[in-house]
Amino acid sequence: MERPSPLTQRVRRLLGTHELVERPATMVRPLLSVPNDTSALFESQLSQLSASLAELRAADRRRDAELRALRAIVRDADDRARSLGMALTEIDELLRAGRALLDPAEEPDQPTTLFERMRARIGGTNRLEPRQREVLAELLARMAGVREQIRSCLIIDPRQL
């Protein structure tokens with residue numbers, strides 16, 4: 001006598017028939033419905049998995065789009081930071097030039113050449129009047145304030161400035 005497979009044994013146990021006796025065709029029909037139920041269950045699970053996979057792919061596309069947008073924002077911020085860094089460099093040069101006008105280098109007390117003596121007599125020196133010095137000092141102070149405001153807006157290593 002042939003030993004039935006474990007699946008066949010389980011199906012028979014579920015149907016309540018433990019013997020190996022052949023049943024009429026009407027009794028075989030429930031056995032055929034079990035695989036159909038299994039395939040329906042399999043198809044249902046497959047469709048659920050396909051739907052979940054489609055949702056994951058859509059979420060992945062959204063995440064990729066957000067990542068591209070964030071990268072564009074970062075590139076724009078880097079470009080602006082570079083532009084502000086160049087503006088800070090220009091402001092530094094202007095501040096140095098202004099300070100040089102306020103505090104000119106020490107000139108000799110007596111002009112040494114004939115041309116320098118003539119220029120000194122005519123008043124052709126680069127000396128500033130007191131009011132001009134005040135205005136220039138105020139301008140330099142305001143430029144220094146603007147420089148610090150720009151610098152505080154940047155997220156850069158201060159040693160680079």
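Buried means under 20% relative accessible area, exposed means over 50%, and partly exposed lies in between (1.4 Å probe, protein chains only). The model shown here is predicted: local features need pLDDT of at least 70, side-chain atom pairs count only at pLDDT 80 or more, and totals for chains, interfaces and linings use all residues. Residues are numbered from 1 along each chain as its sequence is written, and side-chain values use heavy atoms, with hydrogens and water left out.

**View 1. Arg 63 and Asp 60 form a salt bridge.** A salt bridge is a side-chain nitrogen of Lys or Arg within 4 Å of a carboxyl oxygen of Asp or Glu. Here the N to O distance is 2.9 Å. Both residues belong to helix 2 (residues 25-102). They sit 3 residues apart, about one turn of the helix. Helices (H or I, at least four residues) are DSSP runs, numbered from the N terminus. Arg 63 is partly exposed, because its relative accessibility is 45%. Asp 60 is partly exposed too, at 35%.

**View 2. Asp 64 also meets Arg 63 in a salt bridge.** The N to O distance for Asp 64 and Arg 63 is 3.1 Å. Is Asp 64 buried, exposed or partly exposed? Asp 64 is partly exposed, with a relative accessible area of 27%.

**View 3. Asp 76 pairs with Arg 80.** Their side chains meet in a salt bridge of 3.3 Å, N to O. How many residues apart are Asp 76 and Arg 80 in helix 2? They are 4 residues apart, so about one helical turn separates them. Asp 76 counts as partly exposed, at 37% relative accessibility. Arg 80 is exposed, with a relative accessible area of 56%.

**View 4. Asp 92, Arg 147, Glu 148 and Arg 151 form one network.** Salt bridges that share partners join these residues. Arg 147 lies in helix 4 (residues 130-153). Arg 147 is buried, because its relative accessible area is 10%. Its side chain makes a polar contact with the side chain of Asp 92, at 2.3 Å. A polar contact is a pair of N or O atoms within 3.5 Å; within protein, one must be able to donate a hydrogen and the other to accept it, and residues adjacent in sequence count only if both atoms are side-chain atoms.

**Across the views.** The structure holds 8 salt bridges. Side chains of opposite charge can pair when their charged atoms come close.

Methods. Helix = DSSP H or I, 4+ residues; strand = E, 2+ residues; numbered from the N terminus.
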